[in-house]
Amino acid sequence: MKRIKVVQGDITKIKVEAIVNAANTSLLGGSGVDGAIHKAGGRAILEECQSIRNRQGGCKIGEAVITPAGKLCANFVIHTVGPFWKNGSYNEEKLLFLAYSNSLKLAVDNEIKTIAFPNISTGIYGFPKKCAAKIAIHTVADFLATSNTIEEVIFVCLDRENYNIYKAMLE
Ligand code: AR6
């Protein structure tokens with residue numbers, strides 16, 4: 001069975017142990033997928049984000065933190081912060097790689113076997129979609145090759161354009 005899948009849809013509806021949130025450094029929510037996750041999951045997520053903020057002052061770009069998932073079907077939300085795209089010469093590719101790899105490491109630390117990712121940074125943060133998909137797929141494939149803990153990774157694309165890019169790259 002293939003361990004990497006792509007689906008088109010809303011990540012808040014996906015039945016996996018952990019969904020990843022494309023958050024911002026404040027961890028206090030926002031729009032896009034971040035807004036959708038906080039809205040569907042309810043206050044339990046925000047409360048834990050606030051206590052993480054009190055402990056460590058938010059989450060840096062490329063890093064990740066974990067919270068319960070409140071009312072979502074998932075058990076956990078892994079909040080990571082992708083880079084804002086400027087022109088490609090501000091370490092954007094490396095930071096996007098780190099957002100994916102640190103999320104995967106946190107999943108393994110928490111014995112999570114199934115995880116769903118949105119297309120981090122490709123919405124409000126403006127990262128070119130093809131380039132982001134290539135980084136996402138390679139980072140996940142390389143990680144799975146070295147670890148058996150995670151059984152399935154699902155890329156959840158809200159928009160058709162991202163879905164088609166992932167489908168073509170995964171074939
Ligand atoms: N399910 C799956 N994917 C979604 C959903 C959803 N419910 N909603 C949006 N997307 P974005 P970013 C897709 O803008 O670019 C927030 O305000 C969307 O189509 O959510 O990393 C944060 O607080 C796009 O492909 O995240 C930050 O300030 C992808 O998710 C900032 O936006 C990412 O789009 C982060 O920007």
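Trainee: What should I know before I start?

Mentor: Residues are numbered from 1 along each chain as its sequence is written. In this predicted model local features need pLDDT of at least 70, side-chain atom pairs count only at pLDDT 80 or more, totals for chains, interfaces and linings use all residues, and side-chain values use heavy atoms, with hydrogens and water left out.

Trainee: In which order do the six strands form the open sheet?

Mentor: Strands of a sheet pair through backbone hydrogen bonds, either parallel or antiparallel. Here the order is E1-E6-E5-E2-E4-E3, with mixed pairing. Strands (E, at least two residues) and helices (H or I, at least four) are DSSP runs, numbered from the N terminus. Two strands pair if DSSP finds at least two bridges between them. At the edges stand E1 (4-8) and E3 (64-68), each pairing on one side only.

Trainee: How many bridges join E5 to E6?

Mentor: Four bridges join E5 (residues 114-117) to E6 (residues 152-157), and the two run parallel. Ile115 stands opposite Val153 in E6.

Trainee: At what angle do H1 and H2 pack?

Mentor: Two packed helices are described by the angle between their axes and the distance between the axes. For H1 (residues 32-41) and H2 (residues 43-56) the angle is about 115 degrees and the axes are 6 Å apart. Axes are lines fitted to C-alpha atoms, for helices over the stretch in contact, and angles run from 0 to 180 degrees between N-to-C directions. Ile37, His38 and Gly41 of H1 make the contact with Arg43, Ile45, Leu46 and Cys49 of H2; contact means heavy atoms within 4.5 Å.

Trainee: Which residues have the most contacts inside the largest nonpolar core?

Mentor: A nonpolar core is a set of buried Ala, Val, Leu, Ile, Met, Phe, Trp, Tyr and Cys residues joined through side-chain atoms within 4.5 Å. The largest has 32 residues, and Ile78, Ile115, Phe117, Phe155 and Tyr166 have the most contacts inside it. H4 gives the most to this core, with eight residues.

Trainee: Is Ile137 buried or exposed?

Mentor: Buried means under 20% relative accessible area, exposed over 50%, partly exposed in between (1.4 Å probe, protein chains only). Ile137 has a relative accessible area of 9%, so Ile137 is buried. Ile137 lies in H4 (residues 129-146).

Trainee: Which residues does Ile137 touch?

Mentor: Not counting residues up to four places away in sequence, Ile137 touches Phe155, Tyr166, Met169 and Leu170.
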